[in-house]
Amino acid sequence: MGAPPPPDRPRQSVKEAKMLPGRSKISVLVFLVPPLAVYAFAVLLPIVQSLFLSLFKWDGITDMKFVGLDNYVKMFTRDDVFWTSFGNAMGYLAICLVLQLGGALLVAGLLTTLRRGRELVKTLYLLPAVISTVAIAFLFQRIYSYEPTGLLNQVLEWVGLGSLAQPWLSNVDTVLAAVSVPEGWRFAGLYMLIVYAALLAVPKDLEEAATLDRANWWQIFWRIKFPYIRPVWITTTIMAATYALRGFDIPYLLTNGGPGQASELLTTYMYKTAFTHTDYGYASAISVFIVVECLVAVGLIYFLLRRKVD
Amino acid sequence: MTLLTPRVDRKVPAAPAPDGDVAPRRRGRLHAHRVISSTLVTALVIMQVYPLVWLFMTSLRTEQDFASSNPFSLPTEFTLDNFSRAFSTGNLGLNIVNSLVVTLGANVLIVVLGMMGAYALEVLGFRLKTFVRSMFLLGIIVPVQIALVPLFIDYANIGLLDTYQSMIIPLAAFSLPMSIYLFSSFYSYISRETYEAASMDGAGPYRVFGQITLPLSVNTIVTVVLVNSIFIWNDFIFANTFVLSDELKTIPLGLQNYIGAMGNVDWTATFAAVCVTITPLMLVFLVLNKAMIYGLESGANKG
């Protein structure tokens with residue numbers, strides 16, 4: 001990739017110096033308007049449109065009917081499916097975070113102790129991230145399969161836990177975990193990579209000084225390495241959390257929210273409301289809620305992880 | 001960084017009390033540690049990759065072999081019949097072409113618009129740039145689902161439903177923030193003096209862009225394209241929402257059709273179809289894995 005840019009080059013503080021001399025207003029517009037227009041059309045405008053639509057009742061054919069905040073009132077007070085989906089989305093989020101962040105930290109930490117094969121491990125570990133969700137959903141459907149016996153039930157049988165073998169995707173108690181695991185599996189490598197790169201950047205002399213002082217590995221990790229990688233950890237947590245909150249493909253393809261609503265997430269519920277029941281107003285209200293949820297999650301993560309510095 | 005040094009001095013003496021000759025025992029423990037962690041890493045990598053190995057192995061089995069043997073045994077005989085059945089039943093060739101069109105189109109937009117936006121924000125500069133930058137950053141957090149209903153309605157109004165553009169535009173727009181961000185952080189390392197010298201020689205903003213910024217951006221372009229191609233090539237949600245006709249279906253949709261039609265009829269051919277669809281990107285990844293890994297790392301570690 002060529003030489004990486006030099007780190008920590010001091011940025012010029014004088015404001016005027018940040019502007020190219022000889023630039024004109026028109027040239028700024030020429031460069032700024034095209035990207036902004038595409039972005040506004042496909043990202044910003046839809047946000048505004050969703051806010052607007054969420055105040056109406058509309059099936060796409062008959063006239064739009066203004067209902068004020070009724071969609072939101074219905075969502076919070078009269079819709080059990082909404083709350084079930086919200087609870088499921090939280091469960092999905094928790095499982096993804098544990099698998100991705102916990103896994104990332106564990107594997108990245110182990111990787112730094114290896115002497116050989118680091119590149120190979122990184123490449124192999126990242127492999128699932130390049131596979132489409134449709135392929136992943138198919139793969140896991142076969143892994144969970146009960147009849148004929150899939151990979152998971154076969155392994156359980158071999159290790160003597162054959163009594164646990166079951167149709168994972170049709171049991172209401174296991175289905176949520178079963179649809180969350182593929183999502184966790186898929187991006188585990190990505191977060192591992194990011195955390196690993198951050199761990200490598202921890203100066204060796206800090207670690208050596210601690211080793212001389214007979215700190216054990218846990219102390220070295222928790223007191224030295226982790227504080228050092230905290231900024232990257234915040235970014236990683238935010239990425240993992242927002243990706244998990246918008247998770248859609250795998251539950252939609254594997255179970256379509258079923259059985260019943262056992263694996264319904266807010267995203268799949270919103271999709272069905274919009275494109276199966278063509279209730280655009282209510283679907284928009286749910287998608288506004290999903291955006292707010294993501295923003296709140298980012299704020300919370302930033303606040304919680306940041307504060308521990310003190 | 002300097003903030004951390006006092007922390008180390010303060011905390012580390014709290015380590016467990018020293019006991020006797022530490023050095024030899026520590027060396028032994030270190031060795032044991034290394035063996036344990038190698039074993040653990042190997043086990044985790046096998047768990048991570050085995051599902052894919054199984055996928056490829058099954059696609060090479062005969063149907064009888066698949067039905068009779070357990071999922072961990074090697075195929076008793078290899079066959080490519082599954083692949084020929086997969087190609088003759090499905091539309092996989094056409095799907096691959098469609099995916100190439102969408103991936104190429106979206107990447108061109110992402111690169112060109114990303115460079116332009118970053119140039120305006122980072123090099124030219126203007127009064128509202130902090131505001132515009134934060135508008136773009138918002139797009140990294142906002143989930144794509146918010147755009148589905150409004151875009152579906154807009155597309156229906158302007159006749160863009162069921163076109164390549166209907167997939168390319170939102171895919172590019174939602175990748176644009178990260179692209180602008182990566183180009184910006186690279187442009188901020190190009191020294192001001194370079195630009196000032198060029199301006200002294202009478203080069204306007206367009207010539208500076210064409211002669212200085214663009215030629216220097218090649219590495220970042222590769223990074224941006226590699227990282228975004230993964231998400232664009234695999235996009236399911238936009239394609240599933242905006243595309244209806246079979247002639248425009250990309251690989252994820254074509255594969256979904258195939259699985260729906262044949263998934264429970266012809267198991268081994270379906271495995272082969274899945275393999276065909278994941279192989280192109282996987283090959284690119286295996287060949288270019290250094291560049292791709294660098295790109296994915298820099299996306300987060302510069303933040």
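Start by selecting A:Asp279 and A:Lys57, whose side chains meet in a salt bridge at 4.0 Å, N to O. A salt bridge here is a side-chain nitrogen of Lys or Arg within 4 Å of a carboxyl oxygen of Asp or Glu. Side chains of opposite charge can pair when their charged atoms come close. The pair links distant parts of the chain, 222 residues apart: A:Asp279 lies in the loop between helix H11 (266-275) and helix H12 (280-307) of chain A, and A:Lys57 in strand E1 (residues 56-57) of chain A. Helices (H or I, at least four residues) and strands (E, at least two) are DSSP runs, numbered from the N terminus. Over all chains, the whole structure has eight salt bridges.

This is a predicted model, in which local features need pLDDT of at least 70 and side-chain atom pairs count only at pLDDT 80 or more, while totals for chains, interfaces and linings use all residues. Residues are numbered from 1 along each chain as its sequence is written, chains are lettered from A and ligands numbered from 1 in the order in which they are written, and side-chain values use heavy atoms, leaving out hydrogens and water.

Next, select residues 70-78 (helix H2) and 80-113 (helix H3) of chain A, which pack at an angle of about 70° with their axes 6 Å apart. Axes are lines fitted to C-alpha atoms, for helices over the stretch in contact, and angles run from 0 to 180 degrees between N-to-C directions. H2(A) and H3(A) are therefore roughly perpendicular to each other (65 to 115 degrees). Show A:Met75, A:Phe76 and A:Arg78 on H2(A), and A:Asp80, A:Phe82 and A:Trp83 on H3(A), to see the contact (heavy atoms within 4.5 Å).

Now colour by chain. The contact takes 118 residues from chain A and 116 residues from chain B. Together the two chains bury about 10700 Å², 75% of it on carbon and sulfur atoms; buried area is the accessible area (1.4 Å probe) that two parts lose on being put together, summed over both. Between chain A and chain B there are zero salt bridges.

Finally, select H1(A) and helix H7 (residues 145-158) of chain B, whose axes come within 8 Å and cross at roughly 100°. H1(A) and H7(B) are therefore roughly perpendicular to each other. Among the residues in this contact are A:Phe41 and A:Leu45 of H1(A), and B:Ile146 and B:Tyr155 of H7(B).

Technical notes. Angles under 35 degrees count as roughly parallel, over 145 as roughly antiparallel, 65 to 115 as roughly perpendicular and the rest as oblique.
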